[in-house]
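Subject: Handover of a structure and findings

Dear colleague,

Please find below the structure that I am handing over to you. My findings follow directly after it.

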Amino acid sequence: MSEGRVYLVGAGPGDPGLITARGLRVLRDCDVVLYDRLVAPQLLDEAPPGAELVFTGKTPGETHSRQVVIDALLVARAKEGKKVVRLKGGDPFVFGRGAEEAALLADAGIVFEVIPGVTSAVAAPAYAGIPVTNRGMASSFAVMTGHAAEDDDLPHAQVSADTIVLLMGVAQLRDASKRLIDAGRSADEPAAIVQWGTTSQQRVAVATLGSIAEVAEREGIGSPATTIVGKVVTLRDVVAWFEARPLFGRRVVVTRPRAQARSLVELLEDAGASVIALPTVEITPPDDATELQSAVREAVNERFDWIAFSSSNAVDSFFATLADLRIDVRTLHATKMACVGATTAKGLAARGVLADLVPDESTAEGLAAALGTGDGSILLPRVEGGPRLLPELLAGAGWAVTEVTAYKSVAPAPSRSSTVVKEGGFDVVTFASASSVRNFVANVARPEEVGIGSDDDAGKLVVCIGPSTAAEAAALGMRVDVTARAQSTRGLLEAVMTATHR
Ligand code: SAH
């Protein structure tokens with residue numbers, strides 16, 4: 001049995017992009033995750049599919065009794081030889097009880113590592129446009145708890161820092177600000193409170209130390225929030241950047257398969273959206289790999305005149321099988337290859353093979369028409385249960401067709417992101433293909449269940465990449481708010497902007 005290990009990892013303040021590179025690496029390779037309440041759900045989807053996910057959250061006001069359970073679990077799983085990630089909001093050692101857990105692990109003789117995180121004490125102000133220090137304005141900052149301490153005297157060093165950052169204790173903000181004033185801070189000093197900093201729900205209120213509690217209350221700003229006191233608050237007027245981005249505050253669902261989602265996710269994030277990646281299908285190998293293996297061997301023996309790929313998944317699976325069988329691709333030199341669609345042809349080109357035929361029209365009919373009548377043989381590596389049209393058209397034109405299951409397209413395993421979407425926790429959903437629409441309805445939710453039915457007016461928006469995607473959405477009972485003018489990733493981004501700003 002390998003030795004277990006615990007990683008105390010800072011998850012960052014809320015924006016899932018703010019976890020460290022090392023934190024993400026261990027998260028992607030762990031067996032167990034114990035996570036706190038304020039950890040971004042997107043991060044939990046980074047854990048490997050079979051990982052055990054344990055919510056350890058104390059909701060505010062709850063007692064500490066849960067810590068005993070967490071401690072026991074950390075030790076038990078590590079002793080089982082597991083890689084355990086203890087994922088904590090912000091930095092594990094800033095009011096996160098990380099030190100206590102580290103001491104416990106040391107005591108139990110368990111190997112552990114600490115991976116610091118971006119603390120909300122600095123990041124929430126930063127996303128609100130408030131630098132905690134600034135030359136000539138603030139040369140020190142103190143981070144303290146907003147919970148009223150039993151003993152009333154605030155330590156001098158904290159109170160005299162140029163900038164004071166208060167974590168926790170939003171409900172006791174009135175007491176906290178009074179104590180600061182009593183300790184010598186001016187009631188007229190600028191102060192700000194940042195709720196859900198770095199997330200799409202970020203809200204900021206600015207006032208003075210004397211009035212911040214009242215303003216926060218009036219504006220309904222509650223936990224989790226960070227309060228900043230000091231001159232630096234005035235810099236927000238100039239520095240505020242996060243809320244100014246065009247898609248700030250929008251939670252946008254990307255339904256593209258993971259392998260194709262990246263460029264859209266990046267464009268949306270750059271425009272300030274909070275992206276929920278929710279692939280509506282998962283591509284898996286066929287149940288029986290030997291069928292494809294024998295087809296590949298036959299192809300090598302020049303059994304087929306043509307191999308026709310109708311998706312890049314089919315290309316991937318075919319070439320992976322060649323590699324598994326340790327067959328050199330050059331043995332297929334006499335076999336012609338056809339591709340439906342430019343993306344499929346690109347997938348083939350990435351393997352060093354230029355397609356002999358790519359029909360102008362990217363459909364089964366287009367391929368059948370381009371191949372014409374013939375008496376040769378064709379191998380079709382396909383998705384399990386794929387539509388009958390292509391093999392029927394080809395057989396009708398005289399071809400000897402051999403179909404083989406190259407991959408399966410199945411409903412993805414439930415994820416944190418799918419739960420978020422099912423509960424309606426999004427503002428915009430994007431579709432880049434008719435099949436994504438179908439798979440969303442089949443595998444995620446019916447439109448009316450999540451407020452995007454044709455009669456719904458819940459403020460949620462549906463954006464499609466092009467007319468056939470939009471037609472499929474409408475046919476399946478979805479409202480379609482905007483269809484992209486250009487059928488590209490950038491076109492889809494522009495359509496999201498149009499939809500959200502009209
Ligand atoms: N270890 C954490 C802090 C834990 S204490 C860190 O380094 O950030 C929890 C407190 O952190 C909350 O009560 C709140 O004051 C602050 N906090 C956490 N996430 C926040 C967020 N997204 N925006 C503003 N404040 C946040």
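Which residues are linked with Asp36 in a network of salt bridges? The model is a predicted one, and in it the network consists of Asp36, Arg86, Lys88 and Glu101.

Strand 2 (residues 32-35) shows how the side chains are arranged. Val32 and Leu34 point one way, Val33 and Tyr35 point the other way, and all of them are buried. In general terms, side chains alternate between the two faces of the sheet in a regular strand.

Strand 2 is joined to strand 3 (residues 52-55) by four bridges, and the two run parallel. Here Val33 has Leu53 as its bridge partner in strand 3. Four bridges also join strand 2 to strand 4 (residues 83-88), again in parallel, and Tyr35 stands opposite Leu87 of strand 4.

Strand 4 also pairs with strand 1 (residues 5-10), in the parallel sense and over six bridges. In that pairing, Arg5 stands opposite Lys83 of strand 4.

Another open sheet of five strands has mixed pairing and the order 6-7-10-8-9. Its edges are strand 6 (141-145) and strand 9 (203-208), each with a single partner strand, so one side of each is left without a neighbour in the sheet. Direction ignored, neighbouring strands of this sheet are turned by 20 degrees against each other on average.

Strand 8 (residues 190-195) and strand 9 run antiparallel and are joined by six bridges. Val194 has Val204 as its bridge partner in strand 9. Helix 5 (residues 120-127) packs on this sheet, where it touches strand 6, strand 7 (163-167), strand 8 and strand 10 (225-229). The direction of helix 5 makes about 80 degrees with that of strand 10. Helix 7 (residues 173-182) lies across strand 6, strand 7, strand 8 and strand 10, and runs at about 155 degrees to strand 7.

**Salt bridges**

How many salt bridges does the structure hold? The count is 28.

Asp29 forms a salt bridge with Lys83, and the closest N and O atoms are 2.9 Å apart. Asp29 lies in the loop between helix 1 (21-27) and strand 2, whereas Lys83 is in strand 4, so the pair ties together parts that are 54 residues apart in sequence. Both residues are partly exposed: Asp29 has a relative accessibility of 46%, and Lys83 has a relative accessible area of 31%.

Within helix 10 (residues 258-270), Glu266 and Arg262 are four residues apart, about one turn of the helix. Their side chains meet in a salt bridge at 3.0 Å, N to O. Is Arg262 buried or exposed? Arg262 is exposed because its relative accessible area is 59%, with the cut-off for this class set at over 50%. Glu266, at 39%, is partly exposed.

The side chains of Arg438 and Glu472 also meet in a salt bridge, at 2.9 Å from N to O. This pair links distant parts of the chain, with Arg438 in helix 17 (residues 434-443) and Glu472 in helix 18 (residues 467-475), 34 residues apart. Arg438 is partly exposed, with a relative accessible area of 41%.

**A nonpolar surface patch**

Which residues form a nonpolar patch on the surface? They are Val238, Val239 and Trp241, and together they have about 280 Å² of accessible area. Trp241 is located in the loop between helix 9 (236-239) and strand 11 (251-254). The relative accessible area of Trp241 is 33%, so this residue counts as partly exposed.

With kind regards

Technical notes: Residues numbered from 1 in each chain as written. Predicted model: local features only at pLDDT ≥ 70, side-chain atom pairs only at ≥ 80, totals over all residues. Heavy atoms only, no water. Buried < 20%, exposed > 50% of the residue type's maximum accessible area, 1.4 Å probe, protein only. Pairing = 2+ DSSP bridges. Patch = residues over 30% accessible without salt bridge, like charges linked within 9 Å, V, L, I, M, F, W, Y side chains within 5 Å. Areas by Shrake-Rupley, 256 points an atom, 1.4 Å probe, with all protein chains shown as cover. Salt bridge = Lys/Arg side-chain N within 4 Å of Asp/Glu carboxyl O. Axes fitted to C-alpha atoms, helices over the stretch in contact; angles between N-to-C directions. Contact = heavy atoms within 4.5 Å.
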